[in-house]
Amino acid sequence: MSRPVAVITDTEELDPGPGVQLLADAGFEVRVADSRDPEVIAAAAHDADALIVGYARVDAALLDRLPQVRIIATMSAGHDMVDTAEAARRGLWVTNLPHAATEDVAVHALASALSLVRRLPQADAVVRSGGWNEDFTEVPRRASELTLGLVGFGRIARTLARIAAPVFGRIAAYDPHASGTDWPEGVERLGLDDLVAGADVLSLHTPSTPETRGMADAALFARMRPGSMLVNVSRGDLVAPEALLAALDSGHLTGAALDVFPVEPPAPDDRLRTHPRLQLSPHSAFLTDTSLRAYILEPARNVLAWWTTGRPHTPVVVPAERTPHAQPAPVQQGAPA
């Protein structure tokens with residue numbers, strides 16, 4: 001019997017070795033395409049049963065060339081790189097990683113927010129330019145007198161609310177999809193307009209969907225308090241860049257922290273790279289030694305669980321009619337769990 005085939009598309013900064021070893025020990029043939037190019041992926045995965053995806057786009061055109069694929073496992077909490085409607089139509093599983101970097105992204109968001117509140121980039125610039133206290137005109141406000149507003153209240157935002165509670169005076173959130181039965185005490189539930197108007201720091205924690213793309217636009221910024229701040233560690237296309245730059249130029253917003261961008265990486269001459277009121281990081285909110293290992297191992301575990309039990313650990317698309325696959329390859333004793 002031929003071995004099942006798993007293909008890893010693009011790994012970016014990840015070392016695919018642990019995931020490759022896990023699947024190989026379970027009897028899989030594993031190939032690493034190391035590309036987002038659909039031509040390269042199609043050539044590597046023409047006979048694949050499983051596709052493990054980083055940032056590569058998986059759409060109908062690519063799936064037409066991958067007739068044997070039955071599961072697509074993403075290496076992220078987000079799964080907007082996969083056409084999930086098309087995957088569901090074809091009876092494919094799609095999985096994500098809801099827990100791999102929850103703490104890391106929440107900590108990064110809190111660090112970004114506090115750096116903005118304390119004006120740390122401006123203070124750093126004063127010292128580096130030879131100045132001192134008398135040259136620092138950016139007087140911070142006390143964090144315990146400020147409101148942290150969360151747009152979206154999933155796992156990351158809830159973790160952020162918990163770790164930010166001892167620091168900020170008030171925490172409020174908006175999420176039309178969250179259940180009211182498990183809404184935590186100490187977090188005020190508001191409508192979007194009230195949240196935007198009342199937050200001193202507004203932090204975005206919503207996926208990229210047709211409804212949310214560009215939601216942080218000129219109209220939203222105009223509703224924010226004068227002197228307020230924005231944090232985005234979610235998806236770059238939630239923010240309209242020109243509107244953000246205009247709000248910063250006018251002083252209506254005193255600062256913003258971006259870990260994600262509409263185009264990654266931004267062009268060298270992109271004003272998002274150079275605006276003095278912007279605090280930037282290179283899509284690294286998820287980045288820790290622990291998360292790097294999880295991002296490659298957990299998708300492999302999803303594929304292995306599907307192959308051996310018929311169901312992955314963390315599905316986001318469950319086929320209406322589960323297509324049977326070949327007889328599972330035996331899992332070696334002592335293989336990583």
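In which loop is the place of Pro-265?

A: Pro-265 sits in the loop between β11 and β12. The model is predicted: local features need pLDDT of at least 70, side-chain atom pairs count only at pLDDT 80 or more, and totals for chains, interfaces and linings use all residues. Residues are numbered from 1 along each chain as its sequence is written, and side-chain values use heavy atoms, with hydrogens and water left out.

First, the confidence. pLDDT is the predictor's confidence in each residue, from 0 to 100. The protein chain has a mean pLDDT of 92. Of its residues, 95% reach 70 or more. Residues 323-337 fall below 50. Beyond near neighbours in sequence, that stretch still has 23 contacts in the model, a contact being heavy atoms within 4.5 Å.

Now the loop. The peptide bond between Glu-264 and Pro-265 is cis, with omega about -10 degrees. Most peptide bonds are trans, and most residues other than glycine have a negative phi. Asp-270 is found in the loop between β11 and β12 too. Asp-270 is partly exposed, at 25% relative accessible area. Buried means under 20%, exposed over 50%, and partly exposed in between (1.4 Å probe, protein chains only). Asp-270 and Pro-241 are 29 residues apart along the chain, and their C-alpha atoms are separated by 10.0 Å. Pro-241 opens the range of helix α10, residues 241-250.

Next, the strands on either side of the loop. Helices (H or I, at least four residues) and strands (E, at least two) are DSSP runs, numbered from the N terminus. Strand β11 covers residues 253-258. Six of its six residues are buried. In a regular strand the side chains alternate between the two faces of the sheet. Strand β11 has a parallel partner in β10 (residues 228-232), joined over five bridges. Two strands pair if DSSP finds at least two bridges between them. Between β10 and β11 the chain passes through α10, and this β-α-β crossover is right-handed. That term means that, with the strands pointing away from the viewer, the path from the first strand over the helix to the second runs clockwise.

Then the empty space. Rolling a probe the size of a water molecule over the atoms shows where such space is left. The structure holds two cavities of 30 Å³ or more. A cavity is a set of points, on a 1 Å grid over the protein atoms alone, where a 1.4 Å probe fits but cannot get out; lining residues have an atom within 4 Å of a point. Grid points are joined across faces, edges and corners, and a volume is the space filled by probe spheres set on the points. The largest cavity has a volume of about 70 Å³. Helix α6 (120-128), β11 and β12 each supply at least two residues of its lining. Among the lining residues are Thr-254, Gly-255, Leu-278 and Gln-279. Pro-121, Gln-122, Met-229 and Arg-119 are also included.

Arg-119 deserves a stop. Arg-119 lies in the loop between α5 and α6. Its phi is positive, about 55 degrees, although Arg-119 is not a glycine. Arg-119 counts as buried because its relative accessibility is 10%. Asp-34 also has a positive phi, near 55 degrees, and is not a glycine. Asp-34 is placed in the loop between β2 (29-32) and α2 (38-44). At 56% relative accessibility, Asp-34 counts as exposed.

Ser-76 is in the loop between β4 (71-74) and α4 (84-89). At 14% relative accessibility, Ser-76 counts as buried. Leaving aside residues up to four places away in sequence, Ser-76 touches Met-81, Asn-96, Leu-97, Arg-235 and Tyr-295. Ala-172 lies in strand β7. Its relative accessible area is 0%, so Ala-172 is buried. With the residues up to four places away again set aside, its touching partners include Leu-148, Val-187 and Leu-195. Helix α7 (residues 155-164) has Ala-157, Thr-159, Leu-160, Ala-161 and Ala-164 as its buried residues. Their cover includes α5 (102-117), β6 (147-151), β7 (170-174), β8 (187-189) and β9 (201-204).

Definitions and conventions. 1 Å grid on protein atoms, 1.4 Å probe; cavity = no way out; pocket = protein on both sides within 12 Å on 5 of 7 lines; lining within 4 Å.
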